[in-house]
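Subject: Structure handover

Hello,

The structure I promised is below. My notes on its ligands and cavities follow it.

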Amino acid sequence: MSIMQEDTQQDKPQFSASAMKQVEEIFSRYPDERRASALMPVLHLAQSEFGGWLSRPALDYVAEVVGVAPIRCYEVATFYTMYNLKPVGKYHVQVCTNIACWLCDSDNVVKVLEDKVQAKMGGTTQDNRFTLSEVECLGACINAPMMQVNDDYYENLTADRVAEIIDRLP
Amino acid sequence: MSSKVQILFKNIHKKDSHTYKVARDGGGYKQAEKALNMSTEDVIDEVKRAGIRGRGGAGFPAGLKWSFIPKDNSRAKYLVCNADEGEPGTCKDRDIIRYAPHLLIEGMIIAAFAVGAERGYIYIRGEFVKEAKILEKAIQEAKENGFLGDKVGGKNFRFELAVHRGAGAYVCGEETGLIESLEGKKGQPRVKPPFPANIGLWGGPTVINNVETLSSIPSIIENGGDWYGKLGVEKSSGTKLFSISGHVNKPGNYEVELGIPMKTLIEEYAGGVRGGWDNLKGVIPGGASSAVLPKEVCETVTMDYDAIAKAGSMLGSGAMIVMDKSVCIVRAIERLSRFYRHESCGQCTPCREGTGWLSQIMTRIESGKGVEDDIDLLLSIGNNIAGKTICALGDAAVGPVSGSIKAFRDEYIYHVEHGRCMVG
Ligand SMILES: Cc1cc2nc3c(=O)[nH]c(=O)nc-3n(C[C@H](O)[C@H](O)[C@H](O)COP(=O)(O)O)c2cc1C
Ligand code: SF4
Ligand code: FES
């Protein structure tokens, strides 16, 4: 399981009481005998609860909470790109470089970002503040170019706006 | 053709159009109430007569799809809305969700009633976090107002609806990949047949429709299938949302009747091509999977399923990606090939290996290291993928490559001969 990381920080992950409430709500969306369907939403929840990524112990914990075999959980976590199996910075900046954004000069967005935060696409800044990723179409093509920072979309980007958005992040 | 009929976007300009109150004041859920007083056969019949074809890409007639659901009640049935919106260029469903979520929910109530589904899911792409929240809120409101739950609209009909978020996998937009994903697995498509109408979610008969298809249903119940059938052109009835992106002055989502000339749509709705119509190089008419059409074809082609197919491409999701003369076609297609390689789920050898080869060769040509034989090699690899895989992602990877070679072979040749692109 080399693509998954062991991590001391996430040695014994555990949902808080309020997260556990959310888990119950997630379970209620599916018939009782179809609990495995809750795996994806619970993984999303775990990722946001445990610092933006999923370590091997976190995956084991999710498997236990949902009641599926750990291998099922690894399979799913490795298949979907949104589950981060490595730590990411406080702000995960994802730039779409697919066709509509590329036509509207996403190359420049990439360049401005890399210069601005001093990291390459795929990398994380030294201070762990930013992780930059290049991603496929995010479904906002009429407002190209665009990027996503954590859960938020930023659309109709220009070089100036990109710099401003980065500067304004708390 | 009467123009400017708005079905999907009719109310989206109202303030707070996403709320139950504004939706209800604008006639929301009236058609659900009407449908619940009809027989299920009559509902399906109206949808059949409307002739509406699936707006998710494949263009399969919705009424016919519903009629395949077995009438007996021995197994639980399901309704799934495809809100994965993953086809590059496409961003129309997002606007329905953001501005008219109750229209979608109403369409789902009608569909669920027609096929006898007691449970439904909206499978939304994972990155649409805000959109998922809007939907959840709308579902909550519909529940509070008696349009979801045990007695929908006070009738003896039960319908539970929930949102399920994806997590970044284009292949989960494919209906059986989506079902796998909804079952909590990797989104690897299933072999068809059996089709979802027979064996779908958790083994039950399942209808899967796109957001736009389902959101069109209330208008069909309101005005009748014949009315809807008269919109648009023959075999392409109704209105359609077109996401127009790329080199136009006013990119956006536009709702128009099918059959509108592409040129009119670009010039009169999307503000025209950057630098004027004569600066147009080509248009990808139906999302990244569809073959690019060169300017000569764009002059006259109309935006309906048959006309676009006859022109050698497909209407797909209706996402038009407009490219002006500054674009290197080879580079554009190289980018798309990288996408398909990344998104192949790896189950079928022709797709898993073939999308990798297509992408490598495209990169080789693009970077000036290609040879002339590479062009035919691309076509030959394409022939060995298309139609030989479990799902249509394989074909989708081939379409842009073979289509662009057909329309812009000279650019490919220039690339291999000069080691760089024509447009500098
Ligand atoms: C690779 C692939 C991706 C797809 N992505 C989507 C999508 O994002 N949204 C969608 O509605 N349909 C998508 N489809 C089409 C679905 O398989 C299916 O035909 C559609 O959801 C049916 O609904 P409709 O008949 O209302 O269009 C995709 C198909 C393939 C092969
Ligand atoms: S065609 Fe490609 S994406 Fe579709 S099932 Fe086969 S390998 Fe997976
Ligand atoms: S191509 Fe960038 S959001 Fe669609």
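Ligand 2 takes up the space of the largest cavity. This is a predicted model, in which local features need pLDDT of at least 70 and side-chain atom pairs count only at pLDDT 80 or more, while totals for chains, interfaces and linings use all residues. Residues are numbered from 1 along each chain as its sequence is written, chains are lettered from A and ligands numbered from 1 in the order in which they are written, and side-chain values use heavy atoms, with hydrogens and water left out.

A cavity here is a set of points, on a 1 Å grid over the protein atoms alone, where a 1.4 Å probe fits but cannot get out; a pocket is an open set with protein on both sides within 12 Å along at least five of seven lines, and lining residues have an atom within 4 Å of a point. A molecule sits in either one if more than half of its atoms lie within 2 Å of its grid points.

Seven of the lining residues are nonpolar, five are polar and none is charged. In this count Ala, Val, Leu, Ile, Met, Phe, Trp, Tyr, Cys and Pro are nonpolar, Asp, Glu, Lys and Arg are charged, and the others, Gly among them, are polar. Around ligand 2 there are 13 residues (each with a heavy atom within 4 Å).

The structure has two cavities of 30 Å³ or more.

Ligand 1 sits in the second largest pocket. It is surrounded by 19 residues, the closest being B:Gly56, B:Asn82, B:Asn209, B:Asn210 and B:Thr213. That shell contains five nonpolar, eight polar and six charged residues.

Polar contacts are pairs of N or O atoms within 3.5 Å. Oxygen atoms of ligand 1 lie 3.2 Å from a backbone N or O atom of B:Arg55, 3.0 Å from a side-chain N or O atom of B:Lys65 and 3.1 Å from a polar backbone atom of B:Gly86. Alone, ligand 1 exposes 610 Å² (Shrake-Rupley method, 1.4 Å probe), and the protein buries 91% of that.

Regards

Terms used:
A polar contact is a pair of N or O atoms within 3.5 Å; within protein, one must be able to donate a hydrogen and the other to accept it, and residues adjacent in sequence count only if both atoms are side-chain atoms. Grid points are joined across faces, edges and corners, and a volume is the space filled by probe spheres set on the points.
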